[in-house]
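Open the model in your viewer and keep the selection tool ready. Each stop below says what to select and what is there.

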Amino acid sequence: MNEKPRVAIFDLTSCEGCQLQIVNLEEDILNLVNVVDVVEWREGISDQSEEYDIAIIEGSVSRPEDAERVKKIRERAKILIAMGACACIGGVNKLKNPLDLHEVAKTVYGDRADAPHLHSEKVRAIDEVVKVDYKIPGCPIDNREFARVIKSLLVGAEPSLPNYPVCVECKKAGNVCRYELGEICLGPITRAGCGARCPSYGMWCFGCRGPAEDANTDAAREVMQRYGKTKEDLEQKMSLFGTH
Amino acid sequence: MSVVRLTEGALQAWVERLIAKQRVIGVQAKDDHFVYDDLKRAGDLRLDHDVTLLPPVRFLLPVSEELMTYDQKGYESVRDDEPFILLGVHPYDLVAIHQMDKVFAQGHLDPHYMERRAHSTIIACDVETPSKNCFAGEMGTATVQDGFDVLLTRIDGAYLAESGTVKGDELLKLAGEDAQAATTMDLDRRARVQELNRQALRKHHLNCSPEDLPKLLAASWDDPAWKERSEQCFSCGSCNMVCGTCYCFDVHDDVNWDLESGTRTRECDGCLLTDFAKVAGGHNFRHRMERYRHRFMRKGLYMPERFGFVACCGCGRCVSACVPNIANPVDMYNCLLENHPEFATRRETVEEAPERDPYLPESATVLKVERLTELETFYEIKLDSGRPLGHEPGQFVEVSLLGIGEAPISICSAPNDKGTFEMVIRKAGSVTEALARLKPGDKIGIRGPMGTSFPVHGAGLHKDIVLIAGGLGCPPLRSVIQYFFSHRSDFGHLTILYGMRQPSDLLFGDEMKEFEKQPGVTVLYTVDHPDESWKGTVGPVTKLLPMVQFDANTEIFVCGPPVMYRFVIADLNKMGVSNDHIWVSLERRMKCGVGKCGHCQMNGLYVCQEGPVFAYSQIQDVPEALS
């Protein structure tokens, strides 16, 4: 490769935890900047650029100006990647969507709720605003998966994500099923790729990576009874990442 | 048979000596469950475990293992030759390991598995605590007479240790004077423990004998229970991942940050997962119900047909792992028995790992690249070793690209004197997209030739040949056409029926024109969507069939998209052509090409081994063949 691809990283409504995961690549971040030219990254560098081979967006669209910004990034980017649950599926930001937005603002900001810079609208994932070429899901992302996607693009391979449920990785990790422990786990209907991180550390799956392809949510609802739970219990769990 | 008695203290001391000698992977507690893990102290060993979360075979066929590394110079096989002891293996898991020994030794020996296996020592132990879902007693795997290096059995506060191999003898020598010869009474007690286990490990009752399962399953293809139960299936593969006899795998490349070197890794895969039988281009040969059924069919019918054993050791792990509780084989088989009440009623030494690694590609160079259409590109390839590929018309190769992966591709040329071969590749997935960017001089990896070929040799009796090609089915048949011309006097008339979506899809148009001019050759075309210039036939390829004369000896070779076969064969049958004379080339996801990974299986057949070319009579009763 003669010229290094120009990569830019942007953030919208998010906790910036996914970008932190990139920083957490540690020595691999040096390998990364060896093979790409990071031309814009608020969290890492101060430069700005007009054109990107790869633009990466963390966060969801929650203000009118966000949508405009995303459209501009799209215009300048050959490849656009949505990074993290907020960008890929809206994430926890979408929790407010079914509620009265003004009430939500008052709850959060109190007296200052009407300040113009706090005005927000219903939250959208990036692909609800512009075409997204690839997604790196998760809250936060798995930085090994991030590295894999970037390396795939650099060698000209199509980046692919597992489309099967988390159970695959959970079983491979030799974990005890969270259902056996009396919990509701979203692993059977959530896209794998995280290495079943939550169940491996003693929590149920929160569904942050969005649904697996062909996720059988009907079966998930029906199976609740077998474990002494209700469909509503399940749906409450599914609402966190607004995915199912 | 040498059996010794070890007190509990002596056993502990012996295990400590084993740990000092080599890597010991023993059963240990993990919260309320048990796992195999590196044993650091004899005190951590839990021979009283009920069942482990994952089966011990995962140390012989790890969930993920590097098959090879690569750099710009080529590929290098990765082998794991560290000796280790598996300690605490229950009899049913030992049976599963011996089944895997057969699987990986049959046909193409798998050096990765075999080498690890050759370096393993298995210390089995009879079950002390039956697990809640174990049905080994039903499967005849609750106890074993052989197959272990050492077998431990707990009797009245002590352990009996029997050596089954020379390796076992060596290990037991480490017990030194602690080991006392077992008395007749000890052996009687052990026999009683084993008899009790054969009874106790029956938490689920199978209403037939395991030997009846192949017949039962063969008769149950259309049972309504498949659909009904599969509606609850998450396609999560949990049943596969915890199974001691599930060994299917997928292979992927991981590139290093230098973007030039990397690894090729295989990872456990599961036939319950959505993409398991999906081919490049998107066609999925099995949906939820078919995937659900396949697992039972494979365990109870296809594996017995191929290897001679029911591939279920009765460990019950799948029963515990399945959240909707639909994975229990005994439940399923009993349910099928309701509709078929009429069915209700050891081991070889492990072979040495071979030198050759069948997964390792050999380096080859792209000599020529020619864009044929928007999607299809033609390549001429030569192996760098200079050896001719040695293929027959209809065979395929696995084509590797460093860091991107591997894809099965048909060879579109007949064997020639130049030692080169040719392929046409359609952009349909990651590997083929990347292949489309190749230039002359670029290096690729090749494995093969693989699979069966069209019966051109058997056709040496001046038989007429009819080729029926649909779209990308043309290139594999081109190898037959070339063969036909280079052995012209062996054959009678050649007819080529070539159907395509639109005129611009025509492959090898100039060559076809040349073929047409030859005596005794007819070429007929049809398109689905004509353009203004098209003056020929419009419609499916079956429309051309009435223009052909078939006699009783005509051989018909068919290659095209899955949907084409049924219609073509139905029409041929109507015209009186027998299924022995219809040869089809089938497409499946042939990931490994050596009959191991499981992806290309249709019912009991592996397309990469028994196919891709089949006489239709071979597969007419195979339900998954043309589905």
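Select B:Ile468 and B:Leu586, which touch the most other members of the 108-residue largest nonpolar core. A nonpolar core is a set of buried Ala, Val, Leu, Ile, Met, Phe, Trp, Tyr and Cys residues joined through side-chain atoms within 4.5 Å. Buried means under 20% relative accessible area, exposed over 50%, and partly exposed in between, with a 1.4 Å probe and protein chains only. H2(B) gives the most to this core, with seven residues. A second, separate core has 35 residues, including B:Phe276, B:Tyr292, B:Met297 and B:Ile326.

This is a predicted model, in which local features need pLDDT of at least 70 and side-chain atom pairs count only at pLDDT 80 or more, while totals for chains, interfaces and linings use all residues. Residues are numbered from 1 along each chain as its sequence is written, chains are lettered from A and ligands numbered from 1 in the order in which they are written, and side-chain values use heavy atoms, leaving out hydrogens and water.

Now show the surroundings of B:Leu586. Not counting residues up to four places away in sequence, B:Leu586 touches B:Tyr565, B:Met602, B:Val607, B:Pro612, B:Phe614, B:Ile619, B:Ala625 and B:Leu626. Contact here means heavy atoms within 4.5 Å.

Next, select helix H2 (residues 91-105) and helix H3 (residues 111-118) of chain B. Helices (H or I, at least four residues) and strands (E, at least two) are DSSP runs, numbered from the N terminus. At what angle do the axes of H2 and H3 of chain B cross? They cross at roughly 135° and come within 9 Å. Axes are lines fitted to C-alpha atoms, for helices over the stretch in contact, and angles run from 0 to 180 degrees between N-to-C directions. That makes H2(B) oblique to H3(B); angles under 35 degrees count as roughly parallel, over 145 as roughly antiparallel, 65 to 115 as roughly perpendicular and the rest as oblique. On the H2(B) side the contact is made by B:Ile97, B:His98, B:Met100, B:Asp101, B:Phe104 and B:Ala105, and on the H3(B) side by B:Tyr113, B:Met114 and B:Arg117.

Stay on H3(B). Seven of its eight residues are buried, so H3(B) is largely enclosed by the rest of the structure. Among what covers them are strand S4 (64-71), strand S5 (74-77) and H2 of chain B.

Move to helix H10 (residues 288-307) and helix H12 (residues 329-339) of chain B, which pack at about 90° with axes 11 Å apart. That makes H10(B) roughly perpendicular to H12(B). Their contact involves B:Tyr292, B:Arg295, B:Phe296, B:Lys299 and B:Gly300 of H10(B), and B:Pro329, B:Met332 and B:Tyr333 of H12(B).

Select B:Leu160, in strand S9 (residues 158-163) of chain B. B:Leu160 is buried, at 0% relative accessibility. B:Val4 is 156 residues away along the chain, yet the two C-alpha atoms are separated by 5.6 Å.

Then pick B:Gln194 in helix H6 (residues 184-200) of chain B. With a relative accessible area of 8%, B:Gln194 is buried. Leaving aside neighbours within four places in sequence, B:Gln194 is in contact with B:Asp126, B:Thr143, B:Leu151 and B:Thr153.

Finish on chain A, with A:Val108 in helix H5 (residues 101-109). Is A:Val108 buried or exposed? A:Val108 is exposed, with a relative accessible area of 55%. A:Gly156 lies 48 residues from A:Val108 in sequence and 45 Å from it in space, C-alpha to C-alpha.
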